[in-house]
Amino acid sequence: MSTVYSDGRQEKRVERYTKFWQKDLTNESEADSKNRLDKYTDVVNGYYDGATELYEYGWAQSFHFSRFYKGEGFTAALARQEHYLAAHMGLRPGMKVLDVGCGIGGPAREIARFSDVQIVGINNNDFQLGRARRYTEKAGLSDQITYVKGDFMKLSEQFEANSFDAVYAIDATVYAPTWEGVYGEIFKVLKPGGVFGVLEWCLTDAWDPSNPSHKELAHQIEFGNGIPELRTLKVARQAMKNVGFQIEHDEDLAARPDEIPWYYPLEGDIWKAQTAWDYFTVWRMSWSGKLVTHTAIRAMELFGLLPKGTWEVGESLKVAGDSLVKGGQTKLFTPMYLMIGRKSAPPN
Ligand SMILES: C[S@@+](CC[C@H](N)C(=O)[O-])C[C@H]1O[C@@H](n2cnc3c(N)ncnc32)[C@H](O)[C@@H]1O
């Protein structure tokens, strides 16, 4: 029997998480990918039941990447990335907006304040939803943001067709078993004339599936981040078109010639911290920071303060950090392929 905690976490799915991949990632087969795609809900929930608190401790309440400017604080940069998306989408006060894969609501709270919109956040993870509601209440934004539990592959079962003015997804739809599936559902619930803005995790055009080291890198990023299958930027763009969106803008924001790369906080080099406040954030990603965190997790798990398997999920986060840095340095991977799609309104 799996222990289900009052906060929504389930012990067995945390414990099972790492079993979705071969121990040696060079032995991964098509069958392994297929199994993860079939069981995407278990893969994602196993990962986030284990990783959510670590993300909050090691990163922020916004579980996404951003570009960085010199001298810019870490959380200010995360907020700017959210503002950038909202501005690009043309969000206006009073709009009804859906946040797809809303995490613990960091972006929703920021965008609600920035754009004065009404937001519904959808997520399939109970533990994160509980935290999202708590933080949103504390922020005094409960009348502006509501959260619902649901699978973003089935949005049209949960929401009326043509009911949102805008939809956004930040570092979330990469978890979908198919992009056509999730983008198609988003298309259905958007009003005609409505806009969809997404920051997508993709392999770039430089990624070569016939190159074993490229393949291994993709599997490391999948394993480290709970992603059933990583796909290319071309596939994402085509999926948007296939479901009916007119792409108004698309750009790999990671391809900008930034002096401070998007992956700098993961490098764990405290000398790269951009403000005094950020030394601690960057230290947590250094080898000594990770040693302290992971030893503490091991002890808490032994004393029953964390679900069994949390330490193992934490270990996979180390693979995440290293592989994301490598993917960024080699430009084989981007966590910020921006697409702005429009559902065209019928002619009058
Ligand atoms: C990297 S986090 C990003 C969260 C949030 N967008 C942010 O930027 O803070 C990915 C989120 O997608 C959610 N997610 C993954 N698959 C989902 C699905 N099928 N339905 C709903 N949410 C999903 C996860 O639970 C997680 O909250």
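Predicted model: local features only at pLDDT ≥ 70, side-chain atom pairs only at ≥ 80, totals over all residues.
## A first look at the structure

Leaving aside neighbours within four places in sequence, Val167 touches Val97, Leu98, Val100, Ile186, Val189, Leu190 and Phe196.

**The nonpolar core**

Val167 is among the residues with the most contacts inside the largest nonpolar core, together with Val97, Tyr168, Tyr183 and Ile186. That core holds 93 residues. Strand S5, which covers residues 190–203, gives the most to it, with eight residues. Both domain 1 (11–61 + 263–329) and domain 2 (74–206 + 231–258 + 336–342) contribute residues, so the core lies between them. As general background, nonpolar side chains in soluble globular proteins tend to be buried together.

**Two domains and where they meet**

How is the chain divided? The domain assignment gives domain 1 (11–61 + 263–329) and domain 2 (74–206 + 231–258 + 336–342). Taken over C-alpha atoms, the centres of domain 1 and domain 2 are 23 Å apart. Where the two meet, 15 residues of domain 1 are in contact with 14 residues of domain 2. On the side of domain 1 that touches domain 2, H3 and helix H12 (278–284) each supply at least two residues. The largest share of that side, eight residues, comes from H3. By class, the residues of this side of domain 1 are six nonpolar, six polar and three charged.

**Around the ligand**

Which residues come nearest to the ligand? Of the 22 residues around it, they are Phe63, Gly101, Gly103, Ala172 and Tyr175. The shell divides into 11 nonpolar, nine polar and two charged residues.

Most residues other than glycine have a negative phi. Asp171 is not a glycine, yet its phi is positive, at about 50°. Lys331, also not a glycine, has a positive phi of about 60°. The table sets out where each of them sits.

| Residue | Phi | Loop between |
|---|---|---|
| Asp171 | about 50° | strand S4 (164–170) and helix H8 (179–189) |
| Lys331 | about 60° | helix H14 (310–329) and strand S7 (333–342) |

Are these two residues buried or exposed? Asp171 counts as buried because 22 C-beta neighbours lie inside 10 Å, and 20 or more are needed for that label. Lys331 has 14 C-beta neighbours inside 10 Å, so it counts as partly exposed.

**A tryptophan in a loop**

Where is Trp59 found? Trp59 sits in the loop between H3 and helix H4 (74–89). Trp59 is buried, because 20 other C-beta atoms lie within 10 Å. Between Trp59 and Thr136 there are 77 residues in sequence and 18 Å in space, C-alpha to C-alpha.

UniProt, in an unreviewed entry, places the feature "domain: SAM-dependent methyltransferase Erg6/SMT-type" at residues 47–344. In the model, the span 47–344 is 46% helix and 18% strand. The end C-alpha atoms of residues 47–344 are 37 Å apart.

Notes. Residues numbered from 1 in each chain as written. Core = buried A, V, L, I, M, F, W, Y, C linked by C-beta atoms within 7 Å. Buried ≥ 20, exposed ≤ 12 C-beta atoms within 10 Å, placed from the backbone. Helix = DSSP H or I, 4+ residues; strand = E, 2+ residues; numbered from the N terminus. Domains from an automatic or database assignment. Contact = placed C-beta atoms within 7 Å. Near = placed C-beta within 6 Å. Nonpolar A, V, L, I, M, F, W, Y, C, P; charged D, E, K, R; others polar. UniProt positions renumbered as here; feature names shortened; annotations may be inferred.
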